[in-house]
Amino acid sequence: MAEPVAPGAVAAKAAASYRNRRSRWIASPTLAADDPVTIALHPPTERRVAADPDAAVAWVRAWRSRRGPGTVDWEERRWRSYGTQTVPVRLTLTGAEQVADAAGAAREWRTIVRRREALAAVTAGAPALPATLGRTASRWSSLAEKDFDALTAVLRWLRENPSSGLYIRQLPIPGVDTKWVTGHRGLLEELLRGMADDGGPDGYGAEGAAVGLGVRTVPRECGIAVCHPALLPGAPRIFAASLDELAALPLHPGRVLMLENKEGLYALPPLADTVAVHGGGYAVPELAALPWMREAETWYWGDLDTHGFAILDRLRAHLPAVRSLLMDADTLTRWSGLAVHEPSPAARDGLDRLTGGETAAFELVRGGGLRLEQERIPWPWVMQRLREHWHLG
C-alpha cells in the first residue's frame with residue numbers, strides 16, 4: 001500500500017521528472033510548454049484513517065493550504081464509518097516551467113531557456129541543433145556566464161569562418177584565449193555538428209559527417225635516434241620531427257626499436273642498422289604508418305606495468321610482427337626491487353595480442369600492483385640483453 005504523498009515530498013518527485021525530461025524539453029520548446037507531469041498523491045484508505053484519523057485530517061488540510069505550481073485534483077471517497085469525504089488524489093504540473101518551479105530549479109530552467117535561445121540564434125535554425133542541445137545541456141548549462149559568452153562568441157566566429165586554416169592560437173576572437181578553446185574543444189565540435197545543415201554553403205558538410213573546428217593543429221613531433229649514422233648521413237643523431245616529415249625521410253633501417261619513454265633515445269649507444277623512436281605512450285600506433293618502419297624488423301620496449309602491455313597490444317593491431325624487448329617475467333623478477341606501486345592499472349580484458357610470456361608478466365605486474373619503469377633497469381644489463389636478442393658483437 002503506497003504511502004500518502006505530503007506536499008513536502010513534491011519537490012523530490014518533481015526533481016526526478018525534471019532530470020529525466022530536461023533534455024527532451026531543451027530539444028523541443030513545444031513539448032516543454034505543454035508536457036504534463038502527474039504525481040499520484042495516494043490518499044489514505046478507510047483503514048488507514050481508522051488507524052490514525054488525526055494524521056489523515058492533517059494531511060488533507062496540508063493539501064488544502066498548499067501554495068505552489070500545478071493543479072490538485074480532488075475526488076470524493078465514500079467510507080462506511082466516515083461518510084463521504086473529499087480528498088486530493090493527484091497533482092498535475094503542466095510544462096517544464098511548472099515542473100522546474102516545483103523541483104526548486106526554476107532559476108536553472110530560466111537560464112537554460114535563455115542560453116538555448118542564444119545558441120539557436122548563432123545557428124539561424126539549423127535542423128540538427130535541438131537534439132544536440134538536449135544531449136549536451138549538462139555541459140553548456142553549467143558554464144559560468146563568462147564561459148558561456150565565450151562559447152557563443154567562438155561558435156559564431158567558427159560558423160562565419162568554417163575553413164580558416166588558422167592554428168588555434170591564431171583565432172582572433174576578442175576575450176577568448178587559446179586555452180579556453182582547447183579546453184572546450186569537444187563541446188565546440190559537438191555543437192558544430194548539430195549546427196551543420198545538409199551540405200549548404202557554410203562548409204561543414206553533409207549531415208552526420210564529422211565536423212571539426214576548421215583550424216589546424218600543430219602536428220605531433222616524434223623523437224628519433226639514428227643509432228647508425230650511415231642510415232641518414234649528415235643528420236643529427238637525435239632529433240624530433242612530425243610524422244609526415246619522418247615518413248618522407250630516406251631511411252631504410254634493418255631494425256627499429258620503439259621506446260615508451262624518451263630518455264632511452266639518449267642512452268642508446270651506436271647500434272648497427274638501427275633507428276630508435278619515441279613511441280609516445282598510447283599514440284604509438286601512429287608510427288605504424290611510417291613506410292620505413294613497416295619494412296624493418298620492429299621491436300617495442302615499454303615499462304613493465306599494465307599500461308606498457310596495453311600499449312604493446314594496441315601496437316600489434318597495426319604491426320602484428322612487432323616483438324617486445326625486456327617485457328617478460330624474468331626481467332620483472334630480477335629487478336622487482338626497483339619497481340614502484342602502479343596507482344591506476346589498465347583493464348585486464350581485451351589484451352588478446354600478447355604472447356604467453358607477455359601475458360604472464362602482465363599478470364605479475366597487475367597482481368602485485370607494480371610498475372618497473374624501463375629507465376630504472378640497470379643499463380649494463382639492458383645492453384647485455386639487447387646484444388643477445390639482436391646477436392650483436
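Guide: Let's start with Val-277, which touches residues including Cys-222, Ile-224, Met-258, Leu-287 and Trp-292, leaving aside residues up to four places away in sequence. This is a predicted model, where local features need pLDDT of at least 70 and side-chain atom pairs count only at pLDDT 80 or more, while totals for chains, interfaces and linings use all residues. Residues are numbered from 1 along each chain as its sequence is written, and side-chain values use heavy atoms, with hydrogens and water left out.

Visitor: What makes two residues a contact?

Guide: Their heavy atoms lie within 4.5 Å.

Visitor: Which residues have the most contacts inside the largest nonpolar core?

Guide: They are Met-258, Val-277 and Trp-292, in a core of 58 residues. A second, separate core has 57 residues, among them Val-10, Trp-25, Phe-148 and Val-154.

Visitor: Why is a set of residues called a nonpolar core?

Guide: Because its members are buried Ala, Val, Leu, Ile, Met, Phe, Trp, Tyr or Cys residues joined through side-chain atoms within 4.5 Å. Buried means under 20% relative accessible area, with a 1.4 Å probe and protein chains only. Of the chain's 393 residues, 44% count as buried.

Visitor: What does the secondary structure come to?

Guide: The chain has 18 helices (H or I DSSP runs, at least four residues) and eleven strands (E, at least two).

Visitor: Why is the chain called more spread out than a compact globule?

Guide: The globule rule is 2.2 Å times the number of residues to the power 0.38, and the radius of gyration is taken over C-alpha atoms. For 393 residues the rule gives 21 Å, but the chain's radius is 32 Å, well over that, so the chain is more spread out. Its C-alpha trace spans about 105 × 55 × 30 Å along its principal axes.

Key. Buried < 20%, exposed > 50% of the residue type's maximum accessible area, 1.4 Å probe, protein only.
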